[in-house]
Amino acid sequence: GGGGGGGGGALACVHLRRGDFVDECRRYEEEARSGHARGWLLAHYERGLSCLPSDEEVRLNLQALGAAAAARGERVAYYGSSDEPAALRGSQPAGTQVATLADSAGLLDAFAAASPEPLHRSVLAPVVDQLVCARASALLLNVFSTFSQLLMAHIGMRRPERVGFVRDLSELAQRDLGVHVDFWRRQNPFDPAKLLGVQVAWDAGRLRMVAAPGVVADV
């Protein structure tokens, strides 16, 4: 299924990590500053992508997601997959409501009851999140997250002959599948307190990236 247009409704999936990612992202940043970081890691930071967006960056990214959907003529319903749903609820732009699995406690019980084998809620919750988000036409994901990579692979299998099981969806694949994928971005990654790379500016609800000296922005 692709995204709706012409004023139609669309599901947007937002995947936000907290919890163990606090330490995980700190280690990634230390590696990126070390001078001998892995290439893929530096590439993510140079593109302005975020491992652990601040509450303000969550709000701005959600705002940009809504603006992009509106430009496509879509009315968006938001579903959030997060180990800390309160982090999403506390950072919603005005007029935006992000529903999470925590809002529908009975849903997990229904899935558990339907399962032929006993399943613990901690195991079941990510599976339900994957199933819901796999139906979304707009996705805001964490480029550092295995969950996000598996979700893109799940979506790619809608077209196994043309896209298949991949860990990243190219722009061509996104068009083929009728989805729009973006990743959490830092508000200003060129801030001296953060990592070198590109400067991200918000321009009329959209992200604009300006290359730092010696760095080619991947836009």
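Helices (H or I, at least four residues) and strands (E, at least two) are DSSP runs, numbered from the N terminus. This is a predicted model, in which local features need pLDDT of at least 70, side-chain atom pairs count only at pLDDT 80 or more, and totals for chains, interfaces and linings use all residues. Residues are numbered from 1 along each chain as its sequence is written, and side-chain values use heavy atoms, with hydrogens and water left out.

**The chain**

The protein chain has eight helices and seven strands. Of its 219 residues, 43% are buried (under 20% relative accessible area with a 1.4 Å probe, protein chains only; exposed is over 50%, partly exposed in between).

**The second largest pocket**

A pocket is an open set of points on a 1 Å grid over the protein atoms alone, where a 1.4 Å probe fits, with protein on both sides within 12 Å along at least five of seven lines. Lining residues have an atom within 4 Å of a point. Grid points are joined across faces, edges and corners, and a volume is the space filled by probe spheres set on the points.

The second largest pocket has a volume of about 300 Å³. Its lining counts 17 residues. Nearest its centre lie Ser82, Asp83, Ala125, Pro126 and Asp129. β1 (9-16), β2 (75-82) and α6 (121-133) each supply at least two lining residues. α6 gives the most, with four residues.

The table sorts this lining by class. Ala, Val, Leu, Ile, Met, Phe, Trp, Tyr, Cys and Pro count as nonpolar, Asp, Glu, Lys and Arg as charged, and the others, Gly among them, as polar.

| Class | Lining of the second largest pocket |
|---|---|
| Nonpolar | eight residues |
| Polar | five residues |

**Strand β4 and its partners**

Two strands pair if DSSP finds at least two bridges between them. β1 also runs parallel to β4, joined by three bridges. Here Cys13 stands opposite Leu139 in β4. β4 pairs with β5 (residues 180-183) too, in the parallel sense, over four bridges. Leu139 stands opposite Val181 in β5.

In a regular strand the side chains alternate between the two faces of the sheet. In β4 (residues 138-141), Ala138 and Leu140 point one way, Leu139 and Leu141 the other. All four are buried.

**Val98**

Val98 lies in β3 (residues 98-100). Val98 counts as buried because its relative accessibility is 4%. Beyond neighbours within four places in sequence, its contacts (heavy atoms within 4.5 Å) include Leu62, Tyr78 and Leu88.
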